[in-house]
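Me: I would like to learn how to read packing in a structure. Could we work through one case?

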Amino acid sequence: MRIQNMKPAATIAVYAVCAVLAVWFGVYYFSVKVFELEFRTYRAAEKTGQYIRYASDAGPPVTVRVDRSDRVVTIEGQDYRIREEQTPGMGYRVLYPDGSTYKVEEQGSMLLAYDENGELLVGGGMVLDANGQWIPSEEEEPRYHPTGLVRAAYPKYHETRGYPWLYVAAVLLFAFGWANFRYEKFQRAMFWLSLEWLWVENPEPSEFYFIMTRIIGIVSMALAFVFFLQSLTRNHILLVF
């Protein structure tokens, strides 16, 4: 008798632990602010006085230093100085180690960069070799796009990782799929909620119905896994089915 009573209690405990882990992961992962540079995601790793060091899983570390009203971004020993224009709303000046200067303006939610001739700098692309090393473009454009350097220098342009709402949808969809696949009581409840029984003489779910609900459960869990992967980063095209 005790063993029979422990089975549902153990199941509830396992589901409770899974729910707590899902909430913990969501809060931990999606509360971290990050920025993108060279298609790599950077997050704050260390803060010391006026210095903030950002780390990525693949790229070189990025250090941001506050120098009076300027911000200095250091990457692989090279300093990129970002100077905010004195007139509010006029943007930033980005000074490169080779002496070139670019202007970055904020328009709505976008940052646009212009060269010294006032022409829009589209670029920002990057080509890597088999070893992950940068291959310089034939066109004259900086390796680090000015807008990327501005985003790195100012935390107000940092964003939370991925899509939290899509993560929540993935968790709920997986729970729905698992219940559809695993529990007959849930399958019967869905049958009655669907109101299909109103149009049949014998209002009982058929064997074919149970098979289809299990298939729907498997498809739902697979789709939830796709949503979960998409929720983790903004570096891809968001697919919404």
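Predicted model: local features only at pLDDT ≥ 70, side-chain atom pairs only at ≥ 80, totals over all residues.

Me: Which residues of the largest nonpolar core touch the most other members?

Reply: The core has 26 residues, and those touching the most other members are Val62, Val73, Ile75, Ile82, Leu149 and Val150. Helix α2, residues 146-153, gives the most to this core, with 4 residues.

Me: What does Val73 touch, leaving out residues up to four places away in sequence?

Reply: With those left out, Val73 is in contact with Val62, Thr63, Val64, Gln78, Asp79, Tyr80, Ile82, Leu149 and Ala153.

Me: How is a pair of packed helices described?

Reply: By the angle between their axes and the distance between the axes. Here, the axes of α3 (residues 164-182) and α4 (residues 184-193) come within 6 Å and cross at roughly 105°. Angles of 65 to 115 degrees count as roughly perpendicular, so α3 is roughly perpendicular to α4.

Me: Which residues meet where α3 contacts α4?

Reply: From α3 there are Phe176, Ala179, Asn180, Phe181 and Arg182, and they meet Glu184, Phe186, Gln187 and Met190 of α4. The residues of this contact divide into 5 nonpolar, 2 polar and 2 charged.

Me: Is Ser220 buried or exposed?

Reply: Buried means under 20% relative accessible area. Ser220 has 9%, so Ser220 is buried. Ser220 lies in helix α5, residues 207-231.

Me: Which residues does Ser220 touch, again leaving out those up to four places away in sequence?

Reply: Ser220 touches Leu173, Phe176 and Gly177. Phe176 also takes part in the contact of α3 with α4.

Terms used: Residues numbered from 1 in each chain as written. Heavy atoms only, no water. Core = buried A, V, L, I, M, F, W, Y, C linked by side-chain atoms within 4.5 Å. Buried < 20%, exposed > 50% of the residue type's maximum accessible area, 1.4 Å probe, protein only. Helix = DSSP H or I, 4+ residues; strand = E, 2+ residues; numbered from the N terminus. Contact = heavy atoms within 4.5 Å. Axes fitted to C-alpha atoms, helices over the stretch in contact; angles between N-to-C directions. Parallel < 35°, antiparallel > 145°, perpendicular 65-115°, else oblique. Nonpolar A, V, L, I, M, F, W, Y, C, P; charged D, E, K, R; others polar.
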